[in-house]
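Work through the two exercises below with the sequence and the model at hand. Each task is followed by a solution in steps.

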Amino acid sequence: MRSDSTSPRSRSRFAPDRQLTVRMVTVVFLLGLLYVVFAAVLVVLLKSAVLVVVVVGGLLASQFWFSDRMALFAMKGREVTAEEEPRLHGAVDRLCALADMPKPRLAIADSDLPNAFATGRNADHAVLCVTTGLLRRMENDELDAVLAHELSHIAHRDVAVITVASFLGVLAGLAVRVGFYSGLIGGKGRRDQNTALLMAAVVAVSAAVYALSFVMIRALSRYRELAADRSAAQLTGKPSALASALVKVTGASGRIPTRDLRTAQAFSAFLFAPAPSGPGDEGDGQGESTLARLFSTHPTLQCRLDALERLSTDLGES
């Protein structure tokens, strides 16, 4: 049995982030309360607590245990060996040794979109995937910075938290769609009217749960990106390399054909940099409204660059 002293978290030399931990615990706690309310409403509707537990529990367990496989399948990624991708494996080997953490499985997604993501339930069952577009565009120090950013997500376990947290929003959103499109709202007679009122209540609660989880998850997502930037820069000692990679990725992403962006947009919260909504959308975010930033999964490019510039000064990077 593995002792606590050799747990994935204690093995990692990534700087601990107490603010990230507090935010993750807070979001999970609040979403847990929403889970209880949402499950109670489903029990009232379906009149079967067992059915609700089986369905909701089964879906949550599937997303938690198989999130890495589902993400790779959706992004059309495939695991690669050291013989197939020696540059990628060599870089991750060095960084994992520097961070003193388990090496994740490595995968490549054949896409011109320059990006990367990490997923998995813990450090021992994680996968780090990069696109061919990223490998082609990054210099070695820039690639190291991006990979360190993704490894930080794994070490801090925020990948698992964001996966579980996003489940409630998905489930609530599904309930809203079912309520609107099932045709159960409305009808004739007292019994049908009661059913209609019950379904309307379910839709209202589901919509509220979805809205709350949507805002909380995005707030956590924005902070975890800044935390990963900071941890990666501290590990590599080169904040400027990460800043350069961010500029390259953001600029290149805006020129990728829309057909190559559709899949990535669904996984935007997991990506190194957000997938733009379409060609030409590669700005620094300064023109965004406050509401747009509230709903964003990532801080603006300028916000990330400013944070890295301050860190570069603190670290005395030449």
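**Exercise 1.** Sort the lining of the largest cavity by residue class.

*Solution.* The model is a predicted one. Step 1: find the cavity. The structure holds one cavity of 30 Å³ or more, and the largest cavity has a volume of about 50 Å³.

Step 1: list the lining. Thr119, Gly120, Arg121, Asn122, Ala123, Ala126, His153, Ile154, Arg157, Val159 and Ala160 line the cavity. Two or more of the lining residues come from each of β3 (116-120), α7 (140-155) and α8 (158-181).

Step 2: assign classes. Gly counts as polar.

**Exercise 2.** Describe how helix α5 (residues 86-99) packs against α7. Are the two helices parallel, perpendicular or oblique to each other?

*Solution.* Step 1: take the geometry. The angle between α5 and α7 is about 60 degrees, and their axes lie 10 Å apart.

Step 1: classify the angle. The roughly parallel class ends under 35 degrees and the roughly perpendicular class runs from 65 to 115, so α5 and α7 are oblique to each other. Their crossing is right-handed.

Step 2: list the contact. From α5 come Arg87, Leu88, Ala91, Val92, Arg94, Leu95 and Cys96, and from α7 come Asn140, Leu143, Asp144, Leu147, Ala148 and Leu151.

Step 3: assign classes. The contact of α5 with α7 has nine nonpolar, one polar and three charged residues.

Key. Residues numbered from 1 in each chain as written. Predicted model: local features only at pLDDT ≥ 70, side-chain atom pairs only at ≥ 80, totals over all residues. Heavy atoms only, no water. 1 Å grid on protein atoms, 1.4 Å probe; cavity = no way out; pocket = protein on both sides within 12 Å on 5 of 7 lines; lining within 4 Å. Points joined across faces, edges and corners; volume = space filled by probe spheres on them. Helix = DSSP H or I, 4+ residues; strand = E, 2+ residues; numbered from the N terminus. Axes fitted to C-alpha atoms, helices over the stretch in contact; angles between N-to-C directions. Parallel < 35°, antiparallel > 145°, perpendicular 65-115°, else oblique. Left-handed = near helix turned anticlockwise from the far one by under 90°. Contact = heavy atoms within 4.5 Å.
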